[in-house]
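Here are my notes for someone opening this entry without having seen it before.

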Amino acid sequence: MNNFTASNCTVLLLRNAKSYNDILPSMLREIGITKIYDVLDVEMAMNELEEKQFDFIIYDNYRAVTSDVEVITFLRNNETSVNQTTPIIVLSEEGSRNKVIKAASLGCDAFLIKPFSIIGLKTRFDQILQGNRQSYNAWLKAKSEQTEEVDEADIVEL
């Protein structure tokens, strides 16, 4: 990943028809990502994931029928996909501590709670591109193992 920049990344954007309309693709273009494959359901995503290699997968779960757990599990366990280890960014309206930790434990690389800024989105891409993917997951795991209550804002901020 260290050889990539946002401008040469290919992103699979998995969302449903009710999500963000054109705001998210516009945000991605604004940070320099122009190769965006926009799919509206898991079945469409499965076809794309088996045919093309992506640098990032963004899952926008706005009022989705399929849960984060099901999508992340599918992406990480689909042995026919060349994208089994592709970084996953989840976008969600709800960011409880348990939800974020569960997503991370399944293989999510970043979790953004809506509404989020373009700066927040770019920061997550940059952190993954700079090789901070493992440190983020280790940090999340350490947070989940703490016995004391952790402020939910701590979970999503790096």
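1. Begin with Ser92, whose side chain makes a polar contact with the side chain of Lys99 at 3.3 Å. Ser92 is found in strand β4. Please keep in mind that the model is predicted.

2. Is Ser92 buried or exposed? Its relative accessible area is 1%, so Ser92 counts as buried, the cut-off being under 20%. Setting aside neighbours within four places in sequence, Ser92 is in contact with Asn61, Lys99, Phe111, Leu112, Ile113 and Lys114. For one of these, Leu112, the C-alpha atom is separated from that of Ser92 by 6.4 Å, although the two residues are 20 apart along the chain.

3. Helix α4 covers residues 97–106, and its buried residues are Arg97, Val100, Ile101, Ala103 and Ala104. Seen down the helix axis, the buried residues of α4 fall within an arc of 160 degrees, so they line one face of the helix. Asn98 and Ser105, on the other side of α4, are exposed.

4. Pro115 lies in the loop between β5 (110–113) and α5 (118–129). As background, most residues other than glycine have a negative phi, and most peptide bonds are trans.

5. Helix α5 has twelve residues and reaches 16 Å from its first C-alpha to its last, close to the 16 Å expected at 1.5 Å a residue. The buried residues in α5 are Gly120, Leu121, Arg124, Phe125, Gln127, Ile128 and Leu129. After α5 comes Gly131, which has a positive phi near 85 degrees.

6. Which residues touch the most other members of the largest nonpolar core? That core has 20 residues, and the ones in question are Leu24, Leu28, Phe56, Ile58, Ile89, Leu121 and Phe125. At least two residues of this core are supplied by each of β1 (10–14), α1 (23–30), β3 (56–60), β4 (88–92), β5 and α5. The largest share, four residues, comes from α5.

7. Leaving aside neighbours within four places in sequence, Phe125 is in contact with Val11, Leu28, Ile31, Ile33, Phe56, Ile58 and Ile89. Another core lies apart from the largest one; this other core has 18 residues, including Leu12, Leu49, Phe54 and Ile88.

8. On cysteines, a search of the whole structure finds zero disulfides. Cys9 is buried, at 0% relative accessible area. Cys108 also counts as buried, with a relative accessibility of 2%.

9. Finally, the overall layout. The protein chain has seven helices and five strands, which run β-α-β-α-β-α-β-α-β-α-α-α from the N terminus on. The chain holds 158 residues, and 46% of them are buried. Counting contacts between residues at least 6 apart in sequence, 68% join residues at least 24 apart.

Notes
Residues are numbered from 1 along each chain as its sequence is written. This is a predicted model: local features need pLDDT of at least 70, side-chain atom pairs count only at pLDDT 80 or more; totals for chains, interfaces and linings use all residues. Side-chain values use heavy atoms; hydrogens and water are left out. Buried means under 20% relative accessible area, exposed over 50%, partly exposed in between (1.4 Å probe, protein chains only). The arc is that of the directions from the helix axis to the C-beta atoms. A disulfide is a pair of cysteine sulfur atoms within 2.5 Å. The expected span of a helix is 1.5 Å times one less than its number of residues. A nonpolar core is a set of buried Ala, Val, Leu, Ile, Met, Phe, Trp, Tyr and Cys residues joined through side-chain atoms within 4.5 Å. Contact means heavy atoms within 4.5 Å. A polar contact is a pair of N or O atoms within 3.5 Å; within protein, one must be able to donate a hydrogen and the other to accept it, and residues adjacent in sequence count only if both atoms are side-chain atoms.
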